[in-house]
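Me: I would like to learn how to read a structure such as this one, feature by feature. Where do we begin?

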Amino acid sequence: MTSSLKRAFVIVIDAFGCGAMPDAEAFSDSLNVNTLGSIDREATSLSLPNLERLGLGHIIPLKQVKAVEHPIGSYGKMAERSIGKDTTTGHWEMAGIYLDKPFPTYPDGFPPEVVDAFLQATGCEKILGNIPASGTAIIESLGAEHLETGHPIVYTSADSVWQIAAHVDKIPLDTLYLWCEKAREVLRGEHEVSRVIARPFEGEPGAFKRIGGSRKDYAVLPPTQTALTQAKKLGAPVVAVGKIEDIFCADGVTHSIHTNSNAHGLSVTEELIQNTLDLNTLDLNQKTLDDYAHPDKQFIFINLVETDMNYGHRRDVEGYARALEAIDHPLGRFIDQLGEGDLLLITADHGCDPTAPGSDHTREYVPILLYNKTLGANNLGTRESFADVGKTVLNWLELPTDSLPGTNMVDELQQLTTV
């Protein structure tokens with residue numbers, strides 16, 4: 001690791017909200033939703049010593065998470081300016097895009113004209129499902145019929161998604177992916193959902209299991225430039241870990257590695273921090289680092305999805321608490337391994353309160369934790385938008401931000417009173 005290396009690690013704990021935004025009721029949420037607060041209140045135990053060190057307990061009043069006297073990181077929360085509470089909207093805003101119109105949702109299933117267009121494009125005879133549903137529940141109820149007929153299981157959720165589940169022994173992965181590509185082509189205009197998702201599964205009736213590592217998301221291309229495209233244009237590597245590449249349709253991404261679990265994502269992150277993972281093997285265009293104008297300025301964007309997918313939507317408080325503890329555990333090593341040129345930002349893309357009714361995301365503020373060995377610990381307050389993340393990253397990497405919105409939090413930190 002060279003002394004000139006400057007890196008920004010943005011870790012998104014998916015669906016880790018910290019309290020209802022004032023407009024939560026407009027999104028069918030109670031003003032009492034609070035993902036972090038509910039887990040802290042309802043979980044039998046919650047031990048997050050490293051997130052405590054970074055300042056998590058100072059953001060909102062909590063019982064099990066302590067507000068340590070001398071945090072090593074800076075802390076605050078961010079409001080979502082865009083109209084939405086989904087993965088795409090949240091990540092895009094972090095990168096500098098504000099959406100004033102939400103992606104469409106389908107609480108009654110997809111209309112006949114959309115289904116008919118999909119059938120015509122794919123040659124499928126019919127689809128199964130076409131309802132909002134839990135992914136695990138719908139394969140249990142329709143998996144046997146799918147194995148008999150080969151008809152794809154199509155379903156949505158409270159999010160703006162078209163999901164296709166298919167058993168890998170009945171439908172090859174390449175065919176499932178092709179069906180998703182065709183669905184993405186169909187779902188344009190007024191029906192442009194934020195994501196089409198391939199959901200392969202395996203096993204026997206009564207014991208079906210989704211294959212997370214083979215999931216694939218087909219998102220919408222960002223409408224304008226982002227912090228990612230700006231960094232890439234200037235010759236800085238942009239490394240996507242988890243589903244980040246899919247969320248941005250690879251726009252602005254130079255290197256990518258898909259992960260099959262939070263544990264995998266955290267392991268990859270540690271390798272990147274240690275600089276032991278060969279980035280040349282992850283380059284989407286088969287380049288080497290020497291081909292970049294600024295190989296020493298790296299934007300590393302990480303999504304840890306299980307908190308959302310496995311526990312938030314399933315309203316599993318205990319599971320969510322254990323997932324947070326599993327994220328917290330390696331953070332101690334990360335903090336020790338980060339160099340003076342490394343900036344660590346930990347945040348979320350929306351909420352998903354596991355005590356709220358239903359299974360939808362929740363419209364919430366999200367935490368922001370910021371750490372560097374040479375920066376003091378300060379209260380960042382309530383940020384006006386998620387866009388402060390992208391703005392801060394590019395400024396940290398000493399790259400021009402052009403017309404990107406947001407505020408550079410590092411500049412503010414240097415003007416605040418140290419805790």
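Reply: We begin with strand pairing: two strands pair if DSSP finds at least two bridges between them. Keep in mind that this is a predicted model.

Me: How many bridges join strand β5 to β6?

Reply: Seven bridges join β5 (residues 161-167) to β6 (residues 195-202), and the two strands run parallel. As one example, Q163 has I197 as its bridge partner in β6.

Me: How many of the residues of β6 are buried?

Reply: Seven of the eight residues of β6 are buried, which leaves this strand mostly covered.

Me: Which order do the strands take in the open sheet of eight?

Reply: The order is β10-β9-β11-β1-β12-β13-β2-β14, and the pairing is mixed. β10 (255-257) and β14 (379-383) are the edge strands, each pairing on one side only. On average, neighbouring strands of this sheet are turned by 15° against each other, direction ignored.

Me: In what sense do β12 and β13 pair?

Reply: Strand β12 (residues 342-347) pairs with strand β13 (residues 366-371) in the antiparallel sense, over three bridges. L344 stands opposite Y371 in β13.

Me: Which helix packs on the sheet, and which strands are touched?

Reply: Helix α11 (residues 317-337) packs there, touching β1 (6-13), β11 (297-304), β12 and β13. The direction of α11 makes about 165° with that of β1.

Me: Now helix against helix. At what angle do the axes of α9 and α11 cross?

Reply: For a helix pair, look at the angle and then at the residues in contact. The axes of α9 (residues 262-274) and α11 come within 10 Å and cross at roughly 0°. Angles under 35 degrees count as roughly parallel, and α9 and α11 are therefore roughly parallel to each other. On the α9 side the contact is made by N262, L266, T269, E270, I273 and Q274, and on the α11 side by A326, I327, P330, R333, F334 and Q337. By class, the residues of the contact of α9 with α11 are six nonpolar, four polar and two charged.

Me: At what angle do α1 and α11 pack?

Reply: Helix α1 (residues 35-42) and α11 pack at about 105°, with their axes 10 Å apart. Angles of 65 to 115 degrees count as roughly perpendicular, and α1 and α11 are therefore roughly perpendicular to each other. T35, I39 and E42 of α1 meet V317, E318, Y320, A321 and L324 of α11. The contact of α1 with α11 has five nonpolar, one polar and two charged residues.

Me: How is a pair of aromatic rings described?

Reply: By the distance of the centres and the angle of the planes. The count here comes to seven aromatic pairs. In one of them, the rings of W92 and F103 have centres 6.0 Å apart and planes at 70°, so the pair is edge-to-face. W92 lies in helix α3 (residues 87-94) and F103 in the loop between α3 and α4 (112-122), so the pair ties together parts that are 11 residues apart in sequence. W92 is buried, with a relative accessible area of 2%, and F103 is buried at 14%.

Me: Are F299 and F301 stacked or edge-to-face?

Reply: The centres of the F299 and F301 rings lie 5.4 Å apart and their planes are at 20°, so the pair is stacked. F299 is buried at 2% relative accessibility, and F301 at 1%.

Me: Why is α3 described as largely enclosed?

Reply: Eight of the eight residues of α3 are buried, so the rest of the structure largely encloses this helix. Among the buried residues of α3 are H91, W92 and M94. What covers them includes β1, β6, α8 (244-247), β11, β12 and α12 (388-396).

Me: Where is I72 placed?

Reply: I72 is in the loop between α2 (49-54) and β2 (74-78). At 27% relative accessibility, I72 counts as partly exposed. Leaving aside neighbours within four places in sequence, I72 is in contact with R53, L54, I335, Y371 and A377.

Technical notes. Residues numbered from 1 in each chain as written. Predicted model: local features only at pLDDT ≥ 70, side-chain atom pairs only at ≥ 80, totals over all residues. Heavy atoms only, no water. Helix = DSSP H or I, 4+ residues; strand = E, 2+ residues; numbered from the N terminus. Axes fitted to C-alpha atoms, helices over the stretch in contact; angles between N-to-C directions. Contact = heavy atoms within 4.5 Å. Parallel < 35°, antiparallel > 145°, perpendicular 65-115°, else oblique. Nonpolar A, V, L, I, M, F, W, Y, C, P; charged D, E, K, R; others polar. Phe/Tyr/Trp six-rings, centres within 6.5 Å; stacked < 30°, edge-to-face > 60°. Buried < 20%, exposed > 50% of the residue type's maximum accessible area, 1.4 Å probe, protein only.
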